[in-house]
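Below is a short briefing on one protein chain, arranged by topic. Please read it alongside the sequence and the coordinates.

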Amino acid sequence: MKSKPYNPYEDAALHATQPSRTLIVEDRKPFNDAIHHFDVVQGVSTPKRLDHYPGLIKNPFRLYVIVSVGSMAVALAYSFIQNVWASLNGG
């Protein structure tokens with residue numbers, strides 16, 4: 001009794017989990033005329049969200065955004081504390 005080797009191309013359960021082509025196209029649909037024109041001129045659909053980029057770009061960009069927003073929050077808090085401190089000390 002020899003069993004057939006596993007062939008992922010014939011596995012119906014594996015292919016059932018794949019998103020449909022229309023879902024992918026709708027996900028990258030441009031949301032205004034300028035972006036649509038740019039996509040037509042370039043001949044490719046540019047990524048519209050961060051999850052459309054590969055992991056090598058996505059993770060450093062995410063880290064950059066976290067550091068930028070964090071530093072802005074610290075700078076605003078520091079400025080607020082200095083203004084409150086100056087007004088309490090009569091300056």
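The accessible surface of the protein chain comes to about 8300 Å², with carbon and sulfur atoms accounting for 67% of that area. Areas come from the Shrake-Rupley method with a 1.4 Å probe, and for residues only the protein chains shown count as cover. Of the 91 residues, 4% are buried (buried is under 20% relative accessible area, exposed is over 50%, and partly exposed lies in between).

This is a predicted model, in which local features need pLDDT of at least 70 and side-chain atom pairs count only at pLDDT 80 or more, while totals for chains, interfaces and linings use all residues. Residues are numbered from 1 along each chain as its sequence is written, and side-chain values use heavy atoms, with hydrogens and water left out.

**Confidence**
- The mean pLDDT of the chain is 78, where pLDDT is the predictor's confidence in each residue, from 0 to 100.
- A value of 70 or more is reached by 69% of the residues.

**Secondary structure**
- The chain has 4 helices and 0 strands, in the order α-α-α-α along the sequence; helices (H or I, at least four residues) and strands (E, at least two) are DSSP runs, numbered from the N terminus.
- Helix α4 covers residues 55-88, 34 residues in total.
- From first to last C-alpha, α4 reaches 49 Å, close to the expected 50 Å (1.5 Å times one less than the number of residues).

**Nonpolar patch**
- Phe 61, Tyr 64, Val 65 and Val 69 form a nonpolar surface patch with about 410 Å² of accessible area together.
- Val 69 lies in helix α4 and counts as exposed because its relative accessibility is 56%.

**Aromatic pair**
- The count is 1 aromatic pair.
- Phe 61 and Tyr 64 form a tilted aromatic pair, 6.4 Å centre to centre with 35° between the planes.
- Rings of Phe, Tyr and Trp (its six-membered ring) pair if their centres lie within 6.5 Å; planes under 30 degrees apart count as stacked, over 60 as edge-to-face and the rest as tilted.
- Both residues lie in α4, 3 residues apart, about one turn of the helix.
- Phe 61 is partly exposed at 44% relative accessible area, and Tyr 64 is exposed at 55%.

Notes: Patches are made of residues with over 30% relative accessible area and no salt bridge: like charges are joined within 9 Å, nonpolar side chains (Val, Leu, Ile, Met, Phe, Trp, Tyr) within 5 Å. A salt bridge is a side-chain nitrogen of Lys or Arg within 4 Å of a carboxyl oxygen of Asp or Glu. Buried means under 20% relative accessible area, exposed over 50%, partly exposed in between (1.4 Å probe, protein chains only).
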